[in-house]
Amino acid sequence: MKITSLEDLRKIKASATDQTSARSEGKTRIIIGLGTCGIAAGARAVMEAVLEELSKRGLKDVSVEGTGCIGMCQQEPLLDVIRPGEPRITYGRVTVQDVPRIVTEHLVNGRIVEDRLIGRAD
Amino acid sequence: MPTYRSHVLVCGGTGCIAGGSALVQARMKEELAKKGLDKEVLVVQTGCHGMCELGPILVVYPEGTFYTRVQPEDAAEIVEEHLYKGRVVERLLYRPSEKLESVKHYNELPFYAKQNRIALRNCGYINPDNIEEYIARDGYQAMGKVLLEMTPDDVISEIKKSGLRGRGGGGFPTGMKWEFCKKSVSDKKYTICNADEGDPGAFMDRSILEGDPHSVLEGMAIGAYAMGADEGYIYCRAEYPLAIKRLKAAIAQAESYGLLGRNIMGTNFSFELHIKEGAGAFVCGEETALMASIEGERGMPRPRPPFPANKGLWGKPSNINNVETWANVNPIILKGGDWYASMGTEKSKGTKVFALTGKVKNTGLVEVPMGITIREIIFDLGGGIIDDKKFKAAQIGGPSGGCLTEEHLDLPVSYESLTAAGAIMGSGGLVIMDEDTCMVDVAKFFLEFTQAESCGKCVPCREGTKQMLLTLQRITSGKGTMEDLDKLEELAVMVKESSLCGLGQTAPNPVLTTLRYFRDEYEAHIKDKKCPAKACSGLIQYLVSPDLCRKCGLCAKNCPVNCISGDRQTPYVIDQSRCIKCGTCLEVCPFKAIRKE
């Protein structure tokens, strides 16, 4: 493809920025507990569901991170959401079915999904 | 296209590749596939991160976790622990010292805290072989802006406003240089990139070319537009095969996107770029010699004027800038000359890349604002001297530069301050020396280099550097006289003032600065026949201390010239007349019974 205008360049920039978005900072973060306890409780499936939901909705500026066991094993799979400038929200016993709800309600609309909420850290 | 939740950046700079990073990258991919994570995690090869001492470097995003000295066998653990279970692999993190905690994140490293990476903005962050990653980081935006919205005069005035000066060492204002070339009337003009980096210990240009080749291409295209050139050359030494490979790939990609070649971005501006591989003669970094070499002539300088801006390559007006200078053009156009000029000192604006080497803990590449002190570079970024020995001197500017001492540690770095101290900014080589370094030996080392690299065209450089070297050899072997010292100084001044090109004009700098700041060391070599740093083999002796010797015979067994005698009853003795001062006996003695005097 030949670039013949600034508009062409902008288009390539937009798609290339998505490709490299995992490397940029200041985004909404989803952190999933991937300790042995988390994985045993189904955290891998939750993570895959998160990735699928994000790509389905075209949400590019969200980083998905894994973390180790934080000690609340009975509540696994744990999923934290941190929106820029907002406190860290922890959800517990998250299932694959909960994922679309958390993404739509919390990430997109900014409303906390109360029935899965187990903690809030400022 | 799948969205990857995590990017693993493996350094593909020459330093890390030498450390085995290509295998690390391959093993990471294998292990990810084994775990079924290859659809979630992307492995990217990048350019140099600058912290070559700790290579191979591997950074995991989005967390920005910085792993050091990663070996192929560590791949499985990183995949299993970090990428699968989300646990940072502590043992591979950087730890500044035993007492301090390890550092997890890229941006928390003290090495990066004082840096301001403009020319190196993309190095270690993007895949240099993928033009789209460069575009994602504002690549070719400046060229687009220039071609579609700015006149050549606008471009030159922006560069002038920035205060950017030649980063190859000369420090000539870039905007003025461009203006001279623009004003030259001709049907044909050339822009040239000087990538003939040859100073011992310097590798900033190589790292930019390897890590972010497009930044140089874009800068050159912008310069060509401003000056009215339609053809350019990158003169890169053949000893940089990886840089040349990545440049070639970058040029091909830019051409396929219509960002180089004919009618760039649909305008009537065309720019064709060639790579010329140099054979590695140091003098070809001098602009007139460089152009002669491109023309297929022997690389020798010629007198100026006429300057290249009037009569350059093939007799046509030409402009030559160094790699680092070109790499600064894009941010200046996008963020404005005023932004660039807000950094640095009154006359030296912006940032400068230094290659930090020698007896310093964190060797590598740093980009710092002008005006920073040498102390900050060595002790804050560099982490201090290896084994916490005493700092003695810093050789700045390579073989053309000079040695600075402890009294200059708080000198703010700028073109003017360094010249006043007898050194030069040069291309940015910074070799740190500790108390074990003999300054006469250092002067001899650099002079051996420039003497061998002298092209031989003018007498002062050809004969002068040779005589200076012979004098230094006499002094370091204990045969020098005080008259030698006067003659050395006289010759140095003469070579500096009467040589044809920059090579000869700067070659005496290491001698002149060491004579100025370390004259006592020269005198010790001459009067006392002693090398205070115990580095000059002609002036030292290896001796066995009989009271410490346990008569084990290891020294005699390992001596390559069999000059050590003794047995179980008699302590060992070194025959000084046959000793070649190799130091093997001192290294092998388990009882520290051998000393150097």
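**Two contacts of chain B**

In this predicted model, 40 residues of chain B are in contact with 33 residues of chain A. Start with the area. Chain B and chain A bury about 3,100 Å² between them. Carbon and sulfur atoms give 56% of that area. On the chain B side, B:Arg5, B:Tyr84 and B:Met265 supply 17% of what chain B buries against chain A.

Which elements of chain B give two or more residues to the side that touches chain A? They are β1 (6-11), α5 (131-136), α6 (141-149) and α11 (241-256). The largest share comes from α6(B), with five residues. By class, the side of chain B that touches chain A divides into 17 nonpolar, 12 polar and 11 charged residues.

Now turn to chain B itself. Its domain assignment gives five entries: domain 1 (6-113), domain 2 (131-339), domain 3 (351-434), domain 4 (439-527) and domain 5 (541-596). Take domain 1 and domain 3 of chain B. Their C-alpha centres lie 29 Å apart. Domain 1 brings seven residues to the contact, and domain 3 brings eight residues.

How much area do domain 1 and domain 3 of chain B bury between them? The figure is about 610 Å², with 53% of it on carbon and sulfur atoms. On the domain 1 side, B:Gly50, B:Glu53 and B:Phe111 supply 68% of the area buried against domain 3. That is more than any other three residues supply.

The polar links here can be listed quickly. Between domain 1 and domain 3 of chain B, the count of salt bridges is zero. Two residue pairs are in polar contact, both at pLDDT 80 or more. The side of domain 1 that touches domain 3 has five nonpolar residues, one polar residue and one charged residue.

The buried areas are about 3,100 Å² for the two chains and about 610 Å² for the two domains.

Definitions and conventions:
Residues numbered from 1 in each chain as written. Chains lettered and ligands numbered in written order. Predicted model: local features only at pLDDT ≥ 70, side-chain atom pairs only at ≥ 80, totals over all residues. Heavy atoms only, no water. Domains from an automatic or database assignment. Contact = heavy atoms within 4.5 Å. Buried area = accessible area lost by both parts, 1.4 Å probe. Salt bridge = Lys/Arg side-chain N within 4 Å of Asp/Glu carboxyl O. Polar contact = N/O pair within 3.5 Å; in protein donor to acceptor, adjacent residues only side chain to side chain. Nonpolar A, V, L, I, M, F, W, Y, C, P; charged D, E, K, R; others polar. Helix = DSSP H or I, 4+ residues; strand = E, 2+ residues; numbered from the N terminus.
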